[in-house]
Amino acid sequence: GAVSSVKEVFNIVGQGELAAAEARYLKPKSSDFKGIVLAASRGSALGPLTERLPKCMLDIRGQPLLHRLVSILNEGGLADISVVRGYHKETIDLANVRSLDNDDYANTGEAASLACAADQLDGACVLSYGDILFRAHILENLLASTSDIATVIDARWQGGGRAEGRNIDLVRCSRPFTGDYLDEEPVLLEAIVSKSSVSNGDNATSEQEVGEPSGEFIGLIKLSARGAELVRRELQDMAADDSLASADLPALLNRLIARAEQIEAVYITGNWLDVDDAFDLAIARNLA
């Protein structure tokens with residue numbers, strides 16, 4: 001006789017079973033993800049350019065950087081987006097974007113800004129720095145990860161003609177980037193440390209902490225519903241032990257690693273940038 005399709009079988013056994021099976025076996029669609037953008041800082045390295053605007057609102061070929069970032073998230077399927085504001089928050093007023101405020105932005109870091117969006121950590125989401133731009137395929141690859149927590153790591157961190165003396169977040173992973181797309185086992189994040197780039201004399205200590213760097217954390221994280229819950233709980237713990245105010249996202253990730261939570265490293269090779277100074281601003285206008 002005829003073989004019933006899977007859909008027909010589910011119709012026979014009932015929609016309740018279908019919904020339960022989908023929840024168990026199908027990964028979230030991109031439209032199921034919220035977006036949280038951390039955009040509270042001024043960007044002091046940009047000098048007079050950020051006297052009246054936060055750097056996320058600087059013009060990139062006719063559009064504020066933040067508008068371009070939100071557009072990338074929208075085009076990737078993320079419609080529910082929150083932006084954590086701080087410095088000159090009145091200038092950040094995007095249509096169809098939820099605004100949340102870190103009014104203590106001058107005395108706190110990224111983790112405290114994320115804590116201002118804790119209520120949005122109630123399901124699958126993407127966390128992003130507010131001063132980065134990246135090609136659409138990077139978000140697509142990140143969302144394809146099945147890990148509860150996944151981070152984007154640039155294996156080509158030493159390239160790109162980046163200005164010297166800046167702070168970057170170097171990581172050590174369970175294995176270096178190979179470019180072999182047949183690898184099925186996920187690469188795991190083992191440690192992350194902020195350091196100045198290769199010209200800075202303080203590098204030795206940081207390199208000892210991270211070992212041989214596998215790449216640079218670009219400031220983009222995917223969380224499943226479970227991953228979001230883990231992050232929300234960690235933020236609560238950090239508030240309780242008074243480490244929240246001074247912590248950045250790398251510190252948050254290191255705490256999760258210390259708890260033996262697996263954090264996937266999704267390797268990329270360029271095709272992104274962060275806007276720290278006027279040099280970056282010029283490059284951004286070519287990437288946009």
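User: Is Phe217 buried or exposed?
Analyst: Keeping in mind that this is a predicted model, Phe217 counts as buried, because its relative accessibility is 2% and the cut-off for buried is under 20%.

User: And which residue does Phe217 form an aromatic pair with?
Analyst: Phe217 pairs with Tyr129 in an edge-to-face arrangement, with 5.9 Å from centre to centre and 70° between the planes. Tyr129 lies in strand S6 (residues 125-129) and Phe217 in strand S11 (residues 215-223), so the pair ties together parts that are 88 residues apart in sequence. Tyr129 also counts as buried, at 11% relative accessibility.

User: How many aromatic pairs are there by that rule?
Analyst: The count comes to three aromatic pairs. One of them is formed by Tyr87 and Tyr105, which are edge-to-face at 6.1 Å centre to centre, with 75° between the planes. Tyr87 sits in the loop between strand S4 (81-85) and strand S5 (98-101), while Tyr105 sits in the loop between S5 and helix H4 (110-115), 18 residues apart. Tyr87 is buried, with a relative accessible area of 10%, whereas Tyr105 is partly exposed at 29%.

User: Switching to helices, at what angle do H7 and H8 cross?
Analyst: The axes of H7 (residues 225-240) and H8 (residues 249-258) cross at roughly 105° and come within 11 Å, and the two helices are therefore roughly perpendicular to each other.

User: Which residues make that contact?
Analyst: H7 contributes Leu230, Val231, Glu234, Leu235, Asp237 and Met238, and H8 contributes Leu252, Arg255 and Leu256. Among the residues of this contact, six are nonpolar, three are charged and none is polar.

Note on methods:
Residues are numbered from 1 along each chain as its sequence is written. This is a predicted model: local features need pLDDT of at least 70, side-chain atom pairs count only at pLDDT 80 or more; totals for chains, interfaces and linings use all residues. Side-chain values use heavy atoms; hydrogens and water are left out. Axes are lines fitted to C-alpha atoms, for helices over the stretch in contact, and angles run from 0 to 180 degrees between N-to-C directions. Helices (H or I, at least four residues) and strands (E, at least two) are DSSP runs, numbered from the N terminus. Angles under 35 degrees count as roughly parallel, over 145 as roughly antiparallel, 65 to 115 as roughly perpendicular and the rest as oblique. Contact means heavy atoms within 4.5 Å. Ala, Val, Leu, Ile, Met, Phe, Trp, Tyr, Cys and Pro count as nonpolar, Asp, Glu, Lys and Arg as charged, and the others, Gly among them, as polar. Rings of Phe, Tyr and Trp (its six-membered ring) pair if their centres lie within 6.5 Å; planes under 30 degrees apart count as stacked, over 60 as edge-to-face and the rest as tilted. Buried means under 20% relative accessible area, exposed over 50%, partly exposed in between (1.4 Å probe, protein chains only).
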